[in-house]
Amino acid sequence: MEKIIRFTSRTVVLAQADIDTDQIVPARFLTTTTREGLGKALFADWRYDDKGKPRPDFVLNQPAAAGCSILVAGDNFGCGSSREHAPWALVDYGIRAVISTGIADIFRNNSLKNGLVPVIVDADSHAWLLANPGAEVSVDVEACQISLPDGRKLGFPLDRFSRYCLLNGVDQLGYLLQQSEAISRFEKNRAWQP
Amino acid sequence: MTARSLFEKVWDDHQVVAESADAPAVLYIDLHLIHEVTTPEAFTVLKSRGLALRRPDLTLATLDHSTPTVPIRSLADLDGLVGKAAANQIRVMIDNSHDAGVRMLGFDSDQRGIVHVIGPELGITQPGMTIVCGDSHTSTHGAFGALGFGIGTTEVGHVLATQCLLQRKPKTLAVTVNGQLNRGVTAKDIILGIIGKIGVSGGTGHVIEYRGSAISALSMDERMTICNMSIEGGARAGMIAPDDTTFEYLAGRPMAPAGAAWDAAVRRWRTLPSDPDARFDREVVLDVAELAPMITFGTNPGMVIPIDAPVPADTGNTSFRKSLQYMGVDAGKPMLGRAVDVVFIGSCTNARLSDLRQAASIFAGRRVSDGVRVMIVPGSQAVKKQAEAEGLDRIFTAAGAQWRESGCSMCLGMNGDTVGRGELCVSTSNRNFEGRQGIGARTVLASPLTAAAAAVTGRISDPRELLAS
């Protein structure tokens, strides 16, 4: 996995609250057996019309969205199913951080395993970000903070382990495999067996 | 010793390595359920790293999400029924399970079904276990006092390779439900009422424990409906303390312990309920004595009203307005009486035998209203067989409903069972998200009774008016 330390980008804004994983990537795209190439399915039903043509009024189809790698979204982003296809699609499209006041648990977990940084901010800062699409924002994983164009710095919660994995491009399976002796001991010594 | 909750007891019992400031806990997983949609990439990672499956004996595979709900004669039929991509995914799943030595309950098994329906009915879902699956409705298994939660595909790979997950300990939320349900009001209405109260993100970061007299009085089927939709309230897991109802359900099931092992298991399971002084991070109390059948009006499960209430007034919120526009629903107006196009009775929320019996109590002696398409999809092949033994299938088909093979079907429309653009579907499933049941589909979540009432009247109707007195 690629190391993620800090990056800067203009934001793209989807202000709607409770954007669920069925919007991020509709179920009909889940018949794939690889994680690659899902970027084209991202927000498919909002992004394209019946004939597969981009809808000009959808924010990702507007020229200003080109090259943006930070998504600012309404509260409770990523609710719904456990499909990891949601962060896969966002990352494949080019999104590297999602900023909101709330991010659903399973989506958050999945994001951290794919180098997508979940950033939770307070309601006032969120309101400013929603009202100022295209703002240039820096995400600093090392300092666990984002910087807004006016110089404001906002901390965001990130547990030490996830931060370490993002900064060093470490995948968590390697860490788990190192616990193999402890796992064997647990299996041998537990009071009951499943 | 400190008083502990049910969740804390199960958590403590599975910590291989306790969590610290630097690292999450290493949590042992007793049962890993896998299906065709969220595992192929995990098997690919394992193969590319030369890793074997650590515990194929604690892994159980089935096919449910993209499977057809019409009978198939051979795997070659799949391409024509569900499309090449879905068919390929199913074949990859069968091959992966075979190569890894995982028991696969596939098309040749009469134990196949929706993953969250078959675990309990086989008795492999048991109190005190940790159970995961690459599916957010794994919370269903919490009805047995197990800690069940959904995981992503990367985590599926972690469990395949190590039988463990890295987890931060979640907070706890006690939802106490008291009061006696009125006639025509069901477990589905309770959980929709709870989600309406706490909101779709109310349980984020928490494990819910459902407790109180109204919960204890529920059957296992009903408890599963409640725990199933924990994720719709934002909680990855929802649990109910195991009791005699739980043990009676499990006794004699094919994969449940037997003989002396059963007695030992029940002794252990009786120690699981939360201690009287157990503390929860948050508590919510709900009385269901006045609860009416509940239906959703918007595009998330928190947008829910009593069936006889109007849609809430417009507060100017743009997400609310967008949602109502999508649904073709007016603020301040009733849902009751709106014409429906499709009725779906199925899904891991409401496709067990008792759900089908309830639906049949409305269909009996009535006809599906003209122009309404009704699909009834049992949760498993075993449920299908039991329903047919009771003659429920004949009640449904005589009424004009379609009676199908088991699977997830129209809950998420992956297998070709979909709702058309602009059509209104009253559905016993768990998500009314935009496009969930098909592009442009409009979903109203409801109980099997309310769904059946919509089928026979052709409109959103109060099931209490149709129940035999």
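**Exercise 1.** In what order do the five strands of the open sheet in chain B stand, and is the pairing parallel or antiparallel?

*Solution.* Keep in mind that this is a predicted model. Start with the order: the open sheet of chain B runs β5-β4-β3-β6-β7. Its pairing is parallel. Next, look at the edges: β5 (103–105) and β7 (147–150) of chain B each have a single partner strand, so one side of each lacks a neighbour in the sheet. On average, neighbouring strands of this sheet are turned by 20° against each other, direction ignored. Now zoom in on one pair: β3 (residues 31–34) and β4 (residues 59–62) of chain B are joined in the parallel sense over three bridges. There, B:Ile34 stands opposite B:Ala61 of β4(B).

**Exercise 2.** Describe how helices α13 and α16 of chain B pack.

*Solution.* Two packed helices are described by the angle between their axes and the distance between the axes. For α13 (residues 353–363) and α16 (residues 448–457) of chain B, the angle is about 30° and the axes are 8 Å apart. Angles under 35 degrees count as roughly parallel, and α13(B) and α16(B) are therefore roughly parallel to each other. Their crossing is right-handed. Among the contact residues are B:Ile362 and B:Phe363 of α13(B), along with B:Leu449 and B:Val456 of α16(B). By type, the contact divides into nine nonpolar residues, one polar and one charged.

**Exercise 3.** Is A:Gln178 buried or exposed?

*Solution.* First locate A:Gln178: the residue lies in the loop between α7 (172–177) and α8 (180–189) of chain A. Then count: 10 other C-beta atoms are within 10 Å. The cut-off for exposed is 12 or fewer, so A:Gln178 is exposed.

Note on methods:
Residues are numbered from 1 along each chain as its sequence is written. Chains are lettered from A and ligands numbered from 1 in the order in which they are written. This is a predicted model: local features need pLDDT of at least 70, side-chain atom pairs count only at pLDDT 80 or more; totals for chains, interfaces and linings use all residues. Axes are lines fitted to C-alpha atoms, for helices over the stretch in contact, and angles run from 0 to 180 degrees between N-to-C directions. Helices (H or I, at least four residues) and strands (E, at least two) are DSSP runs, numbered from the N terminus. Angles under 35 degrees count as roughly parallel, over 145 as roughly antiparallel, 65 to 115 as roughly perpendicular and the rest as oblique. A crossing is left-handed if the near helix is turned anticlockwise from the far one by less than a right angle, and right-handed if clockwise. Two residues are in contact if their C-beta atoms, placed from the backbone, lie within 7 Å. Ala, Val, Leu, Ile, Met, Phe, Trp, Tyr, Cys and Pro count as nonpolar, Asp, Glu, Lys and Arg as charged, and the others, Gly among them, as polar. A residue is buried if 20 or more other C-beta atoms lie within 10 Å of its own, exposed if 12 or fewer, and partly exposed in between; C-beta atoms are placed from the backbone. Two strands pair if DSSP finds at least two bridges between them.
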